[in-house]
Amino acid sequence: MSGTIVVASFATEKDLLDAVRAVRERDCDIVDVFTPYAVHGLEKELGWPRSQLPVACFLCGAAGAGLALWFQFWTSATDWPMNVGGRPWNSLPAFVPVAFETMVLFAGFGLAFAWLARCRMYPGKKAVLPLAGLTDDRFALAIRDSGPAVESQGIRDVFHICHAIEVEERHEEEPR
């Protein structure tokens, strides 16, 4: 989709949060927000829903624990049952430590891969920042010019009221 992206940079997180509030009041389409560190309360101001990553973590952890329990039961009671000191083949207390460690391993890797997939980060992807040195010490807000809601001068005035350091317009092209 081709159009114009307006990018404003700010010196402090307070200015960024004020700009996000002002832009949302004008019903503008926020493309992205760039920050050098996590800004508390930003997701609430942007109106983002709660993340589904904890669900992915839980499901991967449950799959890991289930797989570990099944594998241990299968190896000790079905595939190669051995009578060791008269103990039962399917002793659940003996399976708990391995199941717990496998649950933690699968939950950790599953969460990392789900996060990478959600962020569309893959090996070899080039980072494209709208402004040079953006994530070093500045905050930025990018909005899409979607017609009458975003008037070039009106949105610049809003950004300057919120203490924007720099306001820049970019034209985005359709990918081929």
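Biologist: Leaving out residues up to four places away in sequence, which residues does Trp115 touch?

Modeller: A quick word on the model first: it is predicted, so local features need pLDDT of at least 70 and side-chain atom pairs count only at pLDDT 80 or more, while totals for chains, interfaces and linings use all residues. Residues are numbered from 1 along each chain as its sequence is written, and side-chain values use heavy atoms, without hydrogens and water. Touching, or contact, means heavy atoms within 4.5 Å. On that basis Trp115 touches Leu53 and Met121.

Biologist: Is Trp115 buried, partly exposed or exposed?

Modeller: Trp115 sits in helix 4; helices here are DSSP runs (H or I, at least four residues), strands are E runs of at least two, and both are numbered from the N terminus. Buried means under 20% relative accessible area, exposed over 50%, and partly exposed in between, with a 1.4 Å probe and protein chains only. Because its relative accessibility is 41%, Trp115 counts as partly exposed.

Biologist: And Ala68, buried or exposed?

Modeller: Ala68 lies in helix 3. Setting aside neighbours within four places in sequence, Ala68 is in contact with Val98, Ala99 and Thr102. Its relative accessibility is 8%, so Ala68 counts as buried.

Biologist: Which side chain does a polar contact join to that of Arg138?

Modeller: Arg138 is in the loop between helix 5 (134–137) and strand 3 (139–145), and it counts as buried because its relative accessible area is 16%. A polar contact is a pair of N or O atoms within 3.5 Å; within protein, one must be able to donate a hydrogen and the other to accept it, and residues adjacent in sequence count only if both atoms are side-chain atoms. At 3.4 Å, the partner of Arg138 is Glu166.
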